[in-house]
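Notebook open, model loaded. I'm jotting down what I look up as I go.

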Amino acid sequence: MRYIFENGNSNEDNQKKTNNSKYTLWMNSILKRSNEIGKVELPICSIILDERGRCIGRGVNRRNISKDPLGHAEIMALRQASLIKNDWRFNECTLITNLEPCTMCSSALIQARMGKVIFGAYDKKRGGLGGSIDLSKHESAHHKMEIIGGILEDECSKILQNWFKKLRTQK
Ligand SMILES: [Zn+2]
């Protein structure tokens with residue numbers, strides 16, 4: 001039997017909410033950093049937490065700064081975290097980012113065996129974890145990844161929309 005709280009949410013739903021609130025805190029700091037990087041790059045920031053919830057990697061979009069087509073925030077965070085971890089496997093880790101990872105980054109996260117991926121805004125055009133295509137459910141994905149999208153979705157979408165709007169008016 002599922003116990004129903006007074007607010008109408010089940011025990012399971014409330015548990016989820018508590019778990020998600022810690023991601024909201026991280027997402028707020030990601031948005032802050034994204035705003036800063038937004039002056040020179042697409043405002044995307046990613047962090048990786050280890051099994052104890054400690055941040056072991058952080059990355060921002062660096063495509064323009066580094067002239068690097070692979071310079072996405074998720075890849076930067078993976079590189080830093082693998083150095084700290086001295087391992088390429090991330091089964092017990094969580095990646096948090098403000099925009100749904102693209103197909104390249106989703107594949108990299110699958111290759112890295114990332115345990116959990118948390119993101120804010122869905123990317124209907126290029127998203128690789130459900131927005132456009134869900135690579136984590138493809139038969140080529142050899143491990144199971146937990147995915148939670150839509151954390152602070154409005155705030156995350158707004159930062160990106162404003163950035164593109166600004167870019168258009170500058171042209
Ligand atoms: Zn990407």
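**Entry 1: a strand pair.** I started at serine 46, which stands opposite glycine 59 in S2. One step along, cysteine 45 is set opposite valine 60 in S2. I note for myself that helices (H or I, at least four residues) and strands (E, at least two) are DSSP runs, numbered from the N terminus. Strands count as paired if DSSP finds at least two bridges between them. S1 and S2 (residues 55–60) pair in the antiparallel sense over 5 bridges. They form a hairpin with 5 residues between them, and glycine 53 in the turn has a positive phi of about 85°.

**Entry 2: ground rules.** This is a predicted model, where local features need pLDDT of at least 70 and side-chain atom pairs count only at pLDDT 80 or more, while totals for chains, interfaces and linings use all residues. Residues are numbered from 1 along each chain as its sequence is written. pLDDT is the predictor's confidence in each residue, from 0 to 100. The protein chain averages 91, and 88% of the residues score at least 70. Over residues 1–7 pLDDT stays under 50, and the model has 6 contacts for them beyond four places in sequence. Two residues are in contact here if their C-beta atoms, placed from the backbone, lie within 7 Å. Where pLDDT is low, the predicted coordinates should not be read in detail.

**Entry 3: the overall layout.** I get 5 helices and 5 strands for the protein chain, running α-β-β-α-α-β-α-β-β-α from the N terminus. What order do the strands take in the sheet? The 5 strands form an open sheet in the order S2-S1-S3-S4-S5, with mixed pairing. S2 and S5 stand at the edges with a single partner strand each, so one side of each has no neighbour in the sheet. Neighbouring strands are turned by 15° against each other on average, direction ignored. For such angles, axes are lines fitted to C-alpha atoms, for helices over the stretch in contact, and the angles run from 0 to 180 degrees between N-to-C directions.

**Entry 4: back to S1.** I wanted to know how enclosed S1 is. A residue is buried if 20 or more other C-beta atoms lie within 10 Å of its own, exposed if 12 or fewer, and partly exposed in between; C-beta atoms are placed from the backbone. By that count 5 of the 5 residues of S1 are buried, so the strand is largely enclosed by the rest of the structure. Cys45, Ile47 and Leu49 point one way, and Ser46 and Ile48 the other. In a regular strand the side chains alternate between the two faces of the sheet. S1 also pairs with S3 in the antiparallel sense, over 4 bridges; there, isoleucine 48 has leucine 95 as its bridge partner.

Entry 5: H3 lies across S1, S2 and S3, running at about 150° to S2. H5 lies across S3 and S4, at about 65° to S4. I then looked for nonpolar cores, meaning sets of buried Ala, Val, Leu, Ile, Met, Phe, Trp, Tyr and Cys residues joined through C-beta atoms within 7 Å. The largest has 37 residues, and those with the most contacts inside it include Ile48, Leu95 and Ile96. H3 gives this core its largest share, 6 residues. Leaving aside neighbours within four places in sequence, isoleucine 96 is in contact with residues including Tyr23, Trp26, Ile47 and Ile118.

**Entry 6: H4.** Which residues of H4 are buried? They are Cys105, Ser106, Leu109 and Ile110. The buried residues of H4 pack against H3, S3 and S4. Just after the helix, arginine 113 takes a positive phi of about 55°.

Entry 7: Most residues other than glycine have a negative phi. Lysine 67 has phi near 50° and is found in the loop between H2 (63–66) and H3 (73–85). Leucine 152 also has phi near 50°, in the loop between S5 and H5 (153–170). Buried or exposed? Lysine 67 is exposed, with 8 other C-beta atoms within 10 Å, whereas leucine 152 counts as buried with 21.
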